[in-house]
Amino acid sequence: QISSAAYHKNVIDHYENPRNVGSLDKNDPRVGTGIVGAPACGDVMKLQIKVDDQGQIVDAKFKTFGCGSAIASSSLATEWIKGKKVEYAATVKNDQIAKELSLPPVKLHCSMLAQDAIQAALKDYEEKQSKREKKEATA
Ligand code: FES
Ligand code: FES
């Protein structure tokens, strides 16, 4: 039970009806996986993206073991980056997420977790791509 005094309605909606919960195959060369933790509270967030040849994010999924704000932040983040270019995803900032969800200051690190998770997923994807290019170059 989360109190409406502490949580804005956008948080409650994303918490009760989280979008894009689930997993993508982390061994798929087109999938980037980011797993990050918040030292402040021990919450953990996994965010995954699937990217096509045009650099478009065709799918995004998350699993978050954490508080309502962290779940809402990751749900919103996947919604924002799905269908967008990887370049756009790289620019998503935690303060945009916090603003959209009206997170109180004590919950700002929850939205930071979402930003970190996007960055980690992008990095994993890019590393996979450069490995692939190297393989192709030496083949
Ligand atoms: Fe529950 Fe963060 S661990 S609020
Ligand atoms: Fe730590 Fe929300 S309280 S992620």
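This is a predicted model: local features need pLDDT of at least 70, side-chain atom pairs count only at pLDDT 80 or more; totals for chains, interfaces and linings use all residues.
Local features were required to have a pLDDT of at least 70, side-chain atom pairs were counted only at pLDDT 80 or more, and totals for chains, interfaces and linings use all residues. Residues are numbered from 1 along each chain as its sequence is written, while chains are lettered from A and ligands numbered from 1 in the order in which they are written.

Helices (H or I, at least four residues) and strands (E, at least two) are DSSP runs, numbered from the N terminus. Three strands form an open sheet in the order E1-E2-E3, with antiparallel pairing; two strands pair if DSSP finds at least two bridges between them. Strand E1 (31–37) and E3 are the edge strands, each pairing on one side only. On average, neighbouring strands of the sheet are turned by 10° against each other, direction ignored. Strand E2 (residues 44–51) is joined to strand E3 (residues 57–65) by eight bridges. Within this antiparallel pair, Lys50 has Asp59 of E3 as its bridge partner, and Val51 stands opposite Ile57. The two strands form a hairpin with five residues between them, and Gly55 in the turn has a positive phi of about 75°.

Helix packing was examined next, with axes taken as lines fitted to C-alpha atoms (for helices over the stretch in contact) and angles running from 0 to 180 degrees between N-to-C directions. Two residues are in contact if their C-beta atoms, placed from the backbone, lie within 7 Å. H2 lies across E2 and E3, at about 175° to E3. H5 packs on the sheet, where it touches E1 and E2, and its direction makes about 140° with that of E1. The axes of helix H1 (residues 9–16) and H2 come within 8 Å and cross at roughly 80°. H1 and H2 are therefore roughly perpendicular, a term covering angles of 65 to 115 degrees. Residues making this contact include Val11 and Tyr15 of H1 and Ile71 and Leu76 of H2.

The largest nonpolar core has 30 residues, of which Ile49 and Ile118 touch the most other members. Such a core is a set of buried Ala, Val, Leu, Ile, Met, Phe, Trp, Tyr and Cys residues joined through C-beta atoms within 7 Å, where buried means that 20 or more other C-beta atoms lie within 10 Å of the residue's own, with C-beta atoms placed from the backbone. E2, E3, helix H2 (68–81), helix H4 (94–101) and helix H5 (108–138) each give two or more residues to this core. H5 supplies the largest share, nine residues.

Note on methods
A residue is buried if 20 or more other C-beta atoms lie within 10 Å of its own, exposed if 12 or fewer, and partly exposed in between; C-beta atoms are placed from the backbone. Angles under 35 degrees count as roughly parallel, over 145 as roughly antiparallel, 65 to 115 as roughly perpendicular and the rest as oblique.
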